[in-house]
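The sequence and model come first.

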Amino acid sequence: MVVSIAREGEIAVITVDNPPVNALGHALRQGLWDAAETLDADPGIRAVVLICAGRTFIAGADVTEFGKPPVPPHLPDLVARIETAAKPWVAAIHGSALGGGFEVALGCRFRVAVADASVGLPEVTLGIVPGAGGTVRTPRLVGAEQAVAMVTTGKPVKAPKALSLGLIDTVIEGDLRAGAVAFAREAIEAPLPAPLCDRPASAPPEGFWAAQDTTVAKAARGAAAPLRALACVKRAVTGDFADALAFERETFLDLRGSDQAAALRHVFFAERAAPRPKSLKGVVPRPVATAAVIGGGTMGAGIAAALRNAGLPVVMVERDDDALERGLANLGGIFDGAVKRGRLTPEGRADRMAGVTATTDYGGLADVDLVIEAVFEEISVKRAVFAQLGAVCRPDAVLATNTSYLDPRDIAVGLLNPDRFIGLHFFSPAHVMKLLEIVPTPDTAPEVLANGFALAKRLGKMPVQAGICDGFIGNRILKHYRAAAEDLVRAGVPIAEIDAAMRGFGMAMGPFQAQDLGGLDIAYLQREGARARGEDVPPTLGDILVRAGRKGQKSGGGWYDYTPGNRTPQPSDAVAELLAGEIHPGPEMDRDAVARRLVAEMAEEAAAILAEGVATQPSDIDLVKIHGYGFPRWRGGPMFHAMQRGAEGLTQDLGRSPSDALMAVLGQD
Ligand code: 3HC
Ligand code: NAI
């Protein structure tokens, strides 16, 4: 039974039980409708409590039904049915009341919640707007400003704040059901508040809409739903209730079938598939209660911060006292930044630092459960570190390397118990970036692989399993993308045009701007290293710039010029001169064609990665680019984009036939 009814005197308690998250599929909508009919007709009942079994209140519409024809009762009708029921309904919320779930709660006359519950309208994160009155009832409950904040960002609001804003009526301490029934008993003895459909929506202060148009458009960076959600709230405040509902529903149905919504649904399911690889079903990770980082540089400090933020005690090991002092300063700097931005209290900062043991002595690692190495990207240095770790750590301690490009198997050469060794590739800044590439070697034990995923969950990161190759998934595609961008420069497309095209596509930055920010020298040194080892590394335009001293912003210029103190890239005559001999203009390309070419090139490399088994599924590659490289979420990632373009579109985009590997991904080999 998805919906069941119990009676406690004059109060009926409807319990929804539709695992895993009580999504509003057809059976639940029908069940609630029938319950409303039954209870309206029951003279012994004066109020209704709506509560859910399992981990959460109703988490929204059933996303899996979105591609299918809607079956009545439709959600907006159900919400209206509850709102106009003969008896007042009380939504009793635990977990999350999200999207359609919160809309059902808005149809109820009252909302009560436990303290750790949250409510929200996250529809924009799925490329849609609320479709059952969320944009119309929320401003009638809490005003336009709060409604706009909720529907345009999709961010949920925790119960205590929801109470102070008026989104809920009370926070229940102790048992939710008993508290909600007691609340209902009291509520029916006082005059009832008007249902939201009968309440006016007050106008926001002058200038509000114009300011929001700009703010929301800027934050959306090409995503369509936030601006459409804003328009719905505006209509809800300026139009009447029925007109606003119709406008919202029309917008919802229009967006539900859009490419952006399809892309965001793809990401939604990809994010739930990646953390749970089938191969790890039933595998239990080793317990981890303490951790260590080796190296307190850019990555070591960032990883230590991430570990401390998750509550793990951390040992930081550096090579000498000076480096250790710098490492602690790096870590302190990260927490200072959090304090400055109001994300951490000064006491919290002190607590974070108090949980760090700083040492130059590897002997302090005898009891740690997990070690993450982040020393120089130099095989001999890393091997020496693991030799020491092998000698001092427990044989079952998990030992991880954060290498970007080295082969983890080479790093682990000679390590005793190599089943405990794994690659955990964090992204800079490691306490911020969501992506974690998890790179097992052939020797890694399944439970140690499971440790990688468990750690990601603990740190709030998005884990993606990657196989061993040069650059794993993300950096390998990045390398190919940069080479393809250089090819366009060779074909006469201006550098600034390429960057503008990629920003226009929705990337946070263009490829050349990004290199200037990070520095061109790191990749250059790597190429030179490979050349010195006799590997065949073709010359790049970046080589020419670095050899001319142009290493990026830090050297005053790279692909662009910069005036001191100003990070705005200026097209550079010096670069034009340096590269003049390399440029052989081809056919003109507009920005769309440039962006499509580069994304198709990413997809080509991604397809090769899949064919080699370095990535297990196309959606993992999409997550890597979205969470590690600023690929626009609403585009779904390069593989999703490629599938949408199809073989014909990709042939046009690449100016040639797609590779066999890419055709195989498209299912057209
Ligand atoms: N529809 C269908 N399935 C859903 C779902 C939904 N709305 N929300 C979650 N699920 C599924 C997940 O796919 C997952 O399935 P799986 O176990 O087979 O992989 C399972 O439920 C558990 O989900 P999580 O792993 O995400 O569970 P958590 O406990 O970590 O999180 C949650 C729970 C916070 C509720 C989270 O699932 C969530 O945020 N869900 C999405 C909420 C949402 O976006 N709601 C709005 C939907 S759109 C809408 O309501 C339109 C309306 O306005 C008309
Ligand atoms: P970094 O140069 O900022 O820091 C390295 C630190 O390691 C230094 O503080 C150094 O003193 C310390 N160190 C060197 N030898 C040591 C030893 N034997 N014992 C203890 N400490 C030692 O380098 P960064 O950028 O933090 O990189 C570290 C690793 O992370 C490299 O393998 C790099 O490839 C990888 N990485 C770097 C990313 C980045 O964006 N910087 C991103 C992802 C991975």
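## Basis

Helices (H or I, at least four residues) and strands (E, at least two) are DSSP runs, numbered from the N terminus. The structure is a predicted model, in which local features need pLDDT of at least 70 and side-chain atom pairs count only at pLDDT 80 or more, while totals for chains, interfaces and linings use all residues. Residues are numbered from 1 along each chain as its sequence is written, and chains are lettered from A and ligands numbered from 1 in the order in which they are written.

## Domains and annotated spans

The protein chain divides into domain 1 (3-257), domain 2 (288-465) and domain 3 (510-582); such bounds come from an automatic or database domain assignment. Taken over C-alpha atoms, the centres of domain 1 and domain 2 are 43 Å apart.

An unreviewed UniProt entry places "domain: 3-hydroxyacyl-CoA dehydrogenase NAD binding" at residues 291-466. UniProt positions follow the numbering used here, feature names are shortened, and annotations may be inferred rather than shown by experiment. Residues 291-466 are 41% helix and 20% strand, with 23 Å between the end C-alpha atoms. The annotation "domain: 3-hydroxyacyl-CoA dehydrogenase C-terminal", also from an unreviewed entry, is listed for residues 471-562. That span, 471-562, is 60% helix and 2% strand, and its end C-alpha atoms lie 30 Å apart.

## Shell around ligand 1

Ligand 1 is surrounded by 25 residues, with A59, G60, G99, G100 and G131 the closest. A residue counts as near if its C-beta atom, placed from the backbone, lies within 6 Å of the molecule. β5 (96-98) and α3 (100-107) each contribute at least two residues to this shell.

The shell around ligand 1 holds 12 nonpolar, eight polar and five charged residues. Here Ala, Val, Leu, Ile, Met, Phe, Trp, Tyr, Cys and Pro are nonpolar, Asp, Glu, Lys and Arg are charged, and the others, Gly among them, are polar.

## Packing of α3

α3 packs against helix α4 (residues 134-142) at an angle of about 50°, and the two axes are 10 Å apart. α3 is therefore oblique to α4. Angles under 35 degrees count as roughly parallel, over 145 as roughly antiparallel, 65 to 115 as roughly perpendicular and the rest as oblique. Axes are lines fitted to C-alpha atoms, for helices over the stretch in contact, and angles run from 0 to 180 degrees between N-to-C directions.

## Shell around ligand 2

Around ligand 2 there are 24 residues, of which G295, G297, M299, S404 and S428 come nearest. α12 (298-309), α13 (321-340) and α15 (379-392) each supply at least two residues of the shell. The largest share, three residues, is from α12. By class, the shell around ligand 2 has 11 nonpolar, 10 polar and three charged residues.
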